[in-house]
Amino acid sequence: MNPDILSDNKVIITAAITGGLHGKAMNPNLPEQPEEQAQAALDCYNAGAAVLHLHVRGPDGLNTPDINIYNKALKLIGEKSPIIRQIGNGIGAYIDENGEIKVATLEQRLGLLTISPQAEMHTINAGTFEFRTKLGSSTFNNPLWFNEKYLAGLDEQGLGVEVEVYDISHIANVMELVDKGILKTPVHFSFVMGIMGGIPPEPRHIMALLNEIPDGSTWQVITIGRYQLRMTVMAMTLGGNIRTGMEDNIYYSRGVLAESNAQLVERMVRIAREIGREPATVEEAKVMLGLK
Ligand code: ZN
C-alpha cells in the first residue's frame, strides 16, 4: 500500500494510558486504578483522542488478568465518556517480588472475551517473539491457533479488532488469517516499532511494512520509547493514524516526565492540525474502524 501523503483524511488518535509493565514508580502520573483510568480516559477524549487502549492493574499497581477489574474499569470509563474502548489482548507482563517476569497465560488472555460490559474492540498480536525491554524480557506467545480462536470469539460478539504487528513476517501471519476467512478486511494494522525483539523504529521500516499490507487497510504506528514522537509524527504525515500515551512513553521530552496522558494527546492534536489533518471524532473513528 502506498502512503497517502496528500490525504486530508481524519487521523484517529489512540491513547494508551497505562500499559502493562511500568507503573507509578517510573511516572507518578500514570493512571493505575479504574477511577484514575476513567478520569484519564475522559481527559484524553476531551483532548481529541477517539480510542482508549486499556490494560488494568491490581490494587498493588501490578498488571493483572483479573476480569473483575477489567469490568470495573470499562464500566467507569464508559460512564464518563463515549471514547472507544480497546482491550490489549496481550494483557502484559509484570515483575514479581522476586524480580521475575510474569506473563499472562493464553487461557487468561482468552478470558478477556468474557468481559462485561464488553469493550468495542480488542487487539490481537500477529506473531510470537522475544519481547525485550530494559525492565526484562519474556516470550510473547501468539500462536496462530490462539489468534484464530480469539478472532472467532470477537466475531461472535460483533467486536472490532486491531492487529498489532511487531515485524514484517507478522504481516504474512495476518494474511493467512485473511485467506482463511477468519479475519475480515479491511484489516486495521498497528505497526509496533521499537521493542527489542521486534522491528526497530526506522523510517525505512514504516515504508517496508506499508508495502506489505493490502490496499484499503487502515494503519497506525506505535513506537515505544525515545523515538516515539518523531515516528508517530512521521506516520501522521504519511496519512496513518497514531497512538500516544504513557504505555508507550512516560516522558514528554528528554528527561521530562509527562504530566498526564491528555498532555501527550494535546500535543499530537496540535501537530495534526499544523500539518492539515483533523483528529477523528469517536463517531468518525467508528466508521473508519468498522465498529458497530
Ligand atoms: Zn497495550
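Let's start with a term: donors are N, O and S atoms within 2.8 Å of the metal (3.2 Å for Na, K and Ca), and since water is not among the atoms, sites may look incomplete. This is a predicted model, where local features need pLDDT of at least 70, side-chain atom pairs count only at pLDDT 80 or more, and totals for chains, interfaces and linings use all residues. Residues are numbered from 1 along each chain as its sequence is written, and side-chain values use heavy atoms, with hydrogens and water left out.

First, the metal. What coordinates the zinc ion? His53 (NE2), His55 (NE2) and Glu247 (OE) do, at 2.0 to 2.1 Å. Along the chain, the spacing of these donors reads H-x1-H-x191-E. Histidine 53 sits in strand 2 (residues 51-54), and glutamate 247 in the loop between strand 12 (241-244) and strand 13 (251-253), so the pair ties together parts 194 residues apart in sequence. A note on naming: helices (H or I, at least four residues) and strands (E, at least two) are DSSP runs, numbered from the N terminus.

Buried or exposed? Histidine 53 is buried, at 1% relative accessible area. Glutamate 247 is buried too, at 16%. Buried means under 20%, exposed over 50%, and partly exposed in between (1.4 Å probe, protein chains only).

Now helix 5, residues 168-179. His170, Ile171, Val174, Leu177 and Val178 are buried there. They cover an arc of only 110° around the axis, which puts them on the same side of helix 5. That arc is taken from the directions from the helix axis to the C-beta atoms. Just after helix 5, glycine 181 has a positive phi of about 80°.

Methods: The expected span of a helix is 1.5 Å times one less than its number of residues.
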